[in-house]
Amino acid sequence: KDTSGRRLLQVEMQVVAVHIVIRRNERKRMKKWKIKRFFKSIWRYVSFAFQLPHFITMIVLLSASIICLLISLNTANENETVSSILSNVFAGLITGIAICLISGLRGVTSYRIKGKIEWLENLHNECIDFMKMHRGLLLLDLSNSDKVYEKTYDLICKASGINTTISQSQFNKKLCFNAIIFCKKKLNYDCEQTNNLYAEVRDKIIDLDVNTITKKELLKTFSEVDTIISKLNGVIVNKLDALKTQQNMVNRFFI
């Protein structure tokens, strides 16, 4: 008995040790994934920034200013006039670099805001389409069972399509943000949780008895989905107003 008990304890300890190792490996993988995603997002911003003419001009001016500074320092004792002229040119180039940098940052900020506005407007239209289809259930003729099943299934597919738009947007290189994280943090909308809910509603629709269901029961089936998407749409509208105000402020910036 003592031997079997010790063996059982050893097995339990080994299982616990394996679980600890698995958790550590998962944490390491998650940490590496987050670091990789962070540097990937930075590289995306940097690569876009250097496509702008402002940053290319800034690099040219920076190179010219360094050359002027070096020549000015080397000729300071030999030719004070040339050294003084090059020093003034260096100061002018530094001013030009500052202007290019500010103008470039303005361009990047404007591009990011514009991308978010266009993306949110597209998502807003999808939410509106869902809400229109949901209101259409009130006018649905329940005597036509095929029509009822078709409309209800199309409705939950429309809701799932919103999540598809969000998840697929992370592969859009033109967007300077992660759509899934943006929705979770800024719009209070979790794709993973809503995906599970939409899957449950889809299963209910598949098992739905369209011959005996009432409009009240039909609306109740979609009540939670409608609440989530209506709330999402309201947050999107508020976010759009804030971004458009921010865009107007950036566009009015004098540089």
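Is lysine 244 buried, partly exposed or exposed, and what is its relative accessible area? Lysine 244 is partly exposed, with a relative accessible area of 36%. The notes below place that residue and several others in the structure, which is a predicted model.

1. Overall make-up. The protein has eight helices and zero strands. Along the sequence the pattern is α-α-α-α-α-α-α-α. Of the 255 residues, 29% are buried. The accessible surface is about 17,300 Å², and carbon and sulfur atoms account for 58% of that surface.

2. Contacts across the sequence. Counting contacts between residues at least 6 apart in sequence, 82% join residues at least 24 apart. Several of the pairs described below can be read against that figure.

3. Lysine 244 and glutamate 121. There are three salt bridges in the structure. In one of them, the side chain of lysine 244 meets that of glutamate 121, with N to O at 3.5 Å. Lysine 244 belongs to helix α8 and glutamate 121 to helix α3, so this pair ties together parts that are 123 residues apart in sequence.

4. Aspartate 129 and lysine 158. These two side chains also meet in a salt bridge, at 3.7 Å from N to O. The pair links distant parts of the chain, with aspartate 129 in helix α3 and lysine 158 in helix α4, 29 residues apart. Aspartate 129 is partly exposed at a relative accessible area of 33%. Lysine 158 is partly exposed as well, at 23%. The value for lysine 158 is 23% and the cut-off for buried is under 20%, so lysine 158 is not classed as buried.

5. Lysine 184 and aspartate 190. A salt bridge joins lysine 184 to aspartate 190, and their closest N and O atoms are 3.7 Å apart. Lysine 184 counts as exposed, with 52% relative accessibility. The cut-off for exposed is over 50%, so the 52% of lysine 184 puts this residue in the exposed class.

6. Which residues of helix α5 (residues 179–186) are buried? They are Ala179, Phe182 and Cys183. These residues lie on the same side of α5, because they cover an arc of only 95° around the axis. An α-helix has 3.6 residues a turn, so residues three or four places apart point the same way. The other side of α5 carries Lys184 and Lys185, which are exposed. As for partners, the buried residues of α5 pack against α3 (80–135), α4 and α8 (223–251).

7. The ends of α5. At the N-terminal end, asparagine 178 caps the helix: one of its side-chain oxygens lies 3.1 Å from the backbone nitrogen of isoleucine 180. After α5 comes asparagine 188, with a positive phi near 55°. Asparagine 188 counts as exposed, at 60% relative accessibility.

8. Glutamine 168 has its place in helix α4 (residues 145–168). At 47% relative accessibility, glutamine 168 counts as partly exposed. The C-alpha atoms of glutamine 168 and alanine 179 are separated by 8.5 Å, with the two residues eleven apart along the chain. Alanine 179 is one of the buried residues of α5.

9. Histidine 134. What does histidine 134 touch, not counting residues up to four places away in sequence? Its contacts are Leu155, Leu219, Phe222 and Asp226. Histidine 134 is found in helix α3, and Asp226 falls within the span of α8 (223–251). With a relative accessible area of 11%, histidine 134 is buried.

10. A nonpolar patch. Leu62, Ile66 and Leu70 make a nonpolar surface patch of about 270 Å². Leucine 70 lies in helix α2 (residues 53–74). The relative accessible area of leucine 70 is 49%, and the residue is partly exposed. The cut-off for exposed is over 50%, so leucine 70, at 49%, is not in the exposed class.

Key
Residues are numbered from 1 along each chain as its sequence is written. This is a predicted model: local features need pLDDT of at least 70, side-chain atom pairs count only at pLDDT 80 or more; totals for chains, interfaces and linings use all residues. Side-chain values use heavy atoms; hydrogens and water are left out. Helices (H or I, at least four residues) and strands (E, at least two) are DSSP runs, numbered from the N terminus. Buried means under 20% relative accessible area, exposed over 50%, partly exposed in between (1.4 Å probe, protein chains only). Contact means heavy atoms within 4.5 Å. Accessible areas come from the Shrake-Rupley method with a 1.4 Å probe; for residues, only the protein chains shown count as cover. The arc is that of the directions from the helix axis to the C-beta atoms. A polar contact is a pair of N or O atoms within 3.5 Å; within protein, one must be able to donate a hydrogen and the other to accept it, and residues adjacent in sequence count only if both atoms are side-chain atoms. Patches are made of residues with over 30% relative accessible area and no salt bridge: like charges are joined within 9 Å, nonpolar side chains (Val, Leu, Ile, Met, Phe, Trp, Tyr) within 5 Å. A salt bridge is a side-chain nitrogen of Lys or Arg within 4 Å of a carboxyl oxygen of Asp or Glu.
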